[in-house]
Structure formats: C-alpha cells, structure tokens
Amino acid sequence: MDAKRLFIALTLPEPVRATLAREAHPLPGVTWSRPEKLHVTIRFLGDVAVEQIPAILERLRQVKVGPFI
C-alpha cells in the first residue's frame, strides 16, 4: 500500500512566523523548524493510503471557518 504521512494544519501569517523564529532560542536536544515551515497542526492523520487522499481533500474543501483571533 502506498501511503503518505498527513496532517491538517493552519498556516501562520509571516509576522507571526518571524516573531516565533526570534523567540526560538537554542535548547539542548531541540531542533527548531525554519520559519517558513511553522504552522499549527489541527489534526495528525498518520499514514493515509494514497487513494484516499482525493476524498479527504474534497471533504476539507467543504469546510468553512470564519475568522478568529
């Protein structure tokens, strides 16, 4: 079975990523992500069969969320 490791995430505005990157001070055993990779994971889906991905994407396109602060 061909599978992809997937998650659902929100992208962050550039000013937020920049602020977080400035606060990512070195810690023993911690590797920080590059600012362009920062996001908020909503749901980890794990290994998903490749043939299921189109149906998942179609369902996610139907989700409507208003702005939040």
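This is a predicted model: local features need pLDDT of at least 70, side-chain atom pairs count only at pLDDT 80 or more; totals for chains, interfaces and linings use all residues.
User: Are Arg5 and Asp47 buried or exposed?
Analyst: Arg5 and Asp47 are both exposed, which means that each has a relative accessible area over 50%.

User: And what does Glu58 pair with?
Analyst: Glu58 forms a salt bridge with Arg61, and the closest N and O atoms of that pair are 4.0 Å apart. Both residues belong to helix 2, and because they are three residues apart there, about one helical turn separates them. As for accessibility, Glu58 counts as partly exposed at 42%, whereas Arg61 is exposed with a relative accessible area of 55%.

User: Which residue meets Arg34?
Analyst: The side chain of Arg34 meets that of Glu36 in a salt bridge, with an N to O distance of 2.7 Å. Glu36 is exposed, its relative accessible area being 53%.

User: Changing topic: which residues make the nonpolar surface patch?
Analyst: The patch is made by Leu10, Val40, Ile42, Leu57, Leu60, Val63, Val65 and Phe68, and it covers about 720 Å². At least two of its residues come from strand 2, which spans 39-49, and at least two from helix 2, which spans 53-61.

User: Where does Leu60 lie, and how accessible is it?
Analyst: Leu60 lies in helix 2, and its relative accessibility of 36% makes it partly exposed.

User: Last one, Ala9. Which strand is that in, and what is it in contact with?
Analyst: Ala9 is part of strand 1, which runs over residues 3-11. If its neighbours within four places in sequence are left aside, Ala9 is in contact with His39, Val40, Thr41 and Ile42. Two of these contact partners, Val40 and Ile42, are also among the residues that make the nonpolar patch.

User: How accessible is Ala9, and how far is it from Thr31?
Analyst: Ala9 counts as partly exposed, because its relative accessibility is 33%. Ala9 and Thr31 are 22 residues apart in sequence, and their C-alpha atoms are 20 Å apart in space.

Key: Residues are numbered from 1 along each chain as its sequence is written. Side-chain values use heavy atoms; hydrogens and water are left out. Helices (H or I, at least four residues) and strands (E, at least two) are DSSP runs, numbered from the N terminus. Buried means under 20% relative accessible area, exposed over 50%, partly exposed in between (1.4 Å probe, protein chains only). Contact means heavy atoms within 4.5 Å. Patches are made of residues with over 30% relative accessible area and no salt bridge: like charges are joined within 9 Å, nonpolar side chains (Val, Leu, Ile, Met, Phe, Trp, Tyr) within 5 Å. Accessible areas come from the Shrake-Rupley method with a 1.4 Å probe; for residues, only the protein chains shown count as cover.
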